[in-house]
Amino acid sequence: MAFDWTTFSLEIINFLVLVWILKRFLYQPVLKTIAERRSGIERTLQNAQEKETSAFTLKTQYESRLADWEQEKLATRAHLSAEIAAERQRQMESLNKELALERERNAAQNAHKLEMLKRELTTHCNIQARQFA
């Protein structure tokens, strides 16, 4: 087997043409497909990251709103309890005043009845004393 420079140079040219054809028709489309897939994956990851950030923000807002509502509920409950206690105290004072007035009226009526009974008894005693005298 003898070494032939023309065959060698033709095989080198053939190899270079083959490399150029593979690069043009195989390697470039494969790289393009890989780049498209990579950009799609990056977009998907970016969307997922944005959604996660949005969800975390909404969760934080929700928890904050719940805490605010809980504090508002406690403040309202305390205010309502204070109002109820004040109203109860006011009504108790009003009731005590009414009871005191009613007691005074009853005492006056009882005194009047007692006075009437004393007068009636005195009159009755005077009538009996006249009958005996």
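1. Helix 1 covers residues 5-132, which makes 128 residues. In this predicted model, the helix reaches 181 Å from its first C-alpha to its last, close to the 190 Å expected at 1.5 Å a residue.

2. Helix 1 has a kink of about 40°, centred on Lys23.

3. The charged end of Arg24 sits over the ring of Phe25. The distance from that charged end to the ring centre is 5.9 Å.

4. There are three aromatic pairs in the structure. For Phe3 and Trp5, the ring centres are 4.8 Å apart and the planes stand at 85°, so this pair is edge-to-face, the cut-off for that class being over 60 degrees. Phe3 is exposed at a relative accessible area of 56%, and Trp5 is likewise exposed, at 60% relative accessibility.

5. Phe3 also pairs with Phe8: here the ring centres lie 5.5 Å apart with the planes at 50°, so the pair counts as tilted. An angle under 30 degrees would be stacked and one over 60 edge-to-face. Phe8 has a relative accessible area of 37% and is therefore partly exposed, as exposed requires over 50% and buried under 20%.

6. Taken together, Phe3, Trp5 and Phe8 form a cluster linked by ring pairs.

Terms used
Residues numbered from 1 in each chain as written. Predicted model: local features only at pLDDT ≥ 70, side-chain atom pairs only at ≥ 80, totals over all residues. Heavy atoms only, no water. Phe/Tyr/Trp six-rings, centres within 6.5 Å; stacked < 30°, edge-to-face > 60°. Buried < 20%, exposed > 50% of the residue type's maximum accessible area, 1.4 Å probe, protein only. Lys NZ or Arg CZ within 6 Å of the ring centre and 35° of its normal. Helix = DSSP H or I, 4+ residues; strand = E, 2+ residues; numbered from the N terminus. Expected span 1.5 Å × (residues − 1). Bend = angle between axes of the 7 residues up to and from the residue.
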